[in-house]
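Please open the model in your viewer and keep a selection tool at hand.

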Amino acid sequence: MCLSMMCPLNPGLPFSIPTPDPHSAALNSVSPWKQHHQRLRASMSTERFDCHYCKESLLGNKYVMKEDTQYCTKCYENLFSNCCEVCSLPIGCNCKDLSYKDCHWHEQCFKCAKCSRPLAEKPFAAKDEQLLCTECYSHEYSSKCSTCKKTIMPGSRKMDYKGNSWHETCFLCHRCQQPIGTKSFIPKDNGYFCVSCFEKQFAYQCCACKKVWQEPSTSPLRSASGTASVSPVCSAPCL
């Protein structure tokens, strides 16, 4: 398509100016996304992008966003970084910040106070403001089993009675040597007996009905052999 106009040098002579073809490859060689990117780069070259605190340019440098405000890494660490409980140095942007009860550590400083074993991503315990691995804590503070004398590890089941502690598997009936567990037991002469074994070994049993006397206030009649005779509530004669 051509547009006819009068020649400015010779007004009586018309000449033609070609109009651009909307389908021309030269016009559409730059994609809309590339055009937007070019415009964005042009705007960034004219606008400043500075640290909110020190006003140094952040273009081409690392920065940290906090509450929609940008800071250079140095200013961010000085203003907002937590200090390590061990070395007292700021925990920088490129370091892991490990925290426990409002205290903070570098990952390499988060260690057992006794054996210096790293505690990151491992179970630990706190005692007297010190961090301890489970092994050191158990060795220092956990109960010892009254039977095997070994440490009762935190989290394992234990039995406690009158200031003594046992592993669950070490708290055995003195007579049958079976674990008592959570069942009832009776202490006797520095030993512990399940109810069944205690009745067989110590309780009074009626010679007539073969039942154990349950009433502690009842005085049984004893034969010359030391075994119980007839229960006061049993009318049968002693055999």
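A residue is called buried when its relative accessible area is under 20%, exposed when it is over 50%, and partly exposed in between, as computed with a 1.4 Å probe on protein chains only. The model is a predicted one, in which local features need pLDDT of at least 70 and side-chain atom pairs count only at pLDDT 80 or more, whereas totals for chains, interfaces and linings use all residues. Residues are numbered from 1 along each chain as its sequence is written, and side-chain values use heavy atoms, with hydrogens and water left out.

**First stop: I180**

Select I180, which is buried at a relative accessible area of 2%. Helices (H or I, at least four residues) and strands (E, at least two) are DSSP runs numbered from the N terminus. In these terms, I180 sits in the loop between β10 (164-167) and β11 (185-188). Display next the residues in contact with I180, contact meaning heavy atoms within 4.5 Å. Leaving aside neighbours within four places in sequence, these are F171, L172, C173, F185, Y192 and C194. Then select M159: its C-alpha atom is separated by 9.6 Å from that of I180, and the two residues are 21 apart along the chain.

**Second stop: the nonpolar cores**

A nonpolar core is a set of buried Ala, Val, Leu, Ile, Met, Phe, Trp, Tyr and Cys residues joined through side-chain atoms within 4.5 Å. Which residues have the most contacts inside the largest nonpolar core? Select C145, W166, F171, C173, I180 and Y192, which hold that place in a core of 13 residues. A second, separate core has 11 residues, including I91, F110, L132 and C136.

**Third stop: aromatic rings**

Rings of Phe, Tyr and Trp (its six-membered ring) pair if their centres lie within 6.5 Å; planes under 30 degrees apart count as stacked, over 60 as edge-to-face and the rest as tilted. By this rule there are 16 aromatic pairs. Select Y100 and F124, an edge-to-face pair with 5.2 Å from centre to centre and 80 degrees between the planes. This pair links distant parts of the chain, 24 residues apart, with Y100 in strand β5 (residues 97-100) and F124 in strand β7. Y100 is partly exposed at 28% relative accessible area, and F124 is partly exposed at 27%. Select also Y161, W166, F171, F185 and Y192, which ring pairs link into a cluster.

Select K55, in the loop between α1 (32-46) and β3 (63-66). K55 is not a glycine, yet its phi is positive, at about 70 degrees. With 52% relative accessibility, K55 counts as exposed. Move on to E121, in the loop between β6 (103-106) and β7 (124-127). E121, likewise not a glycine, has a positive phi of about 60 degrees, and is exposed with a relative accessible area of 78%.
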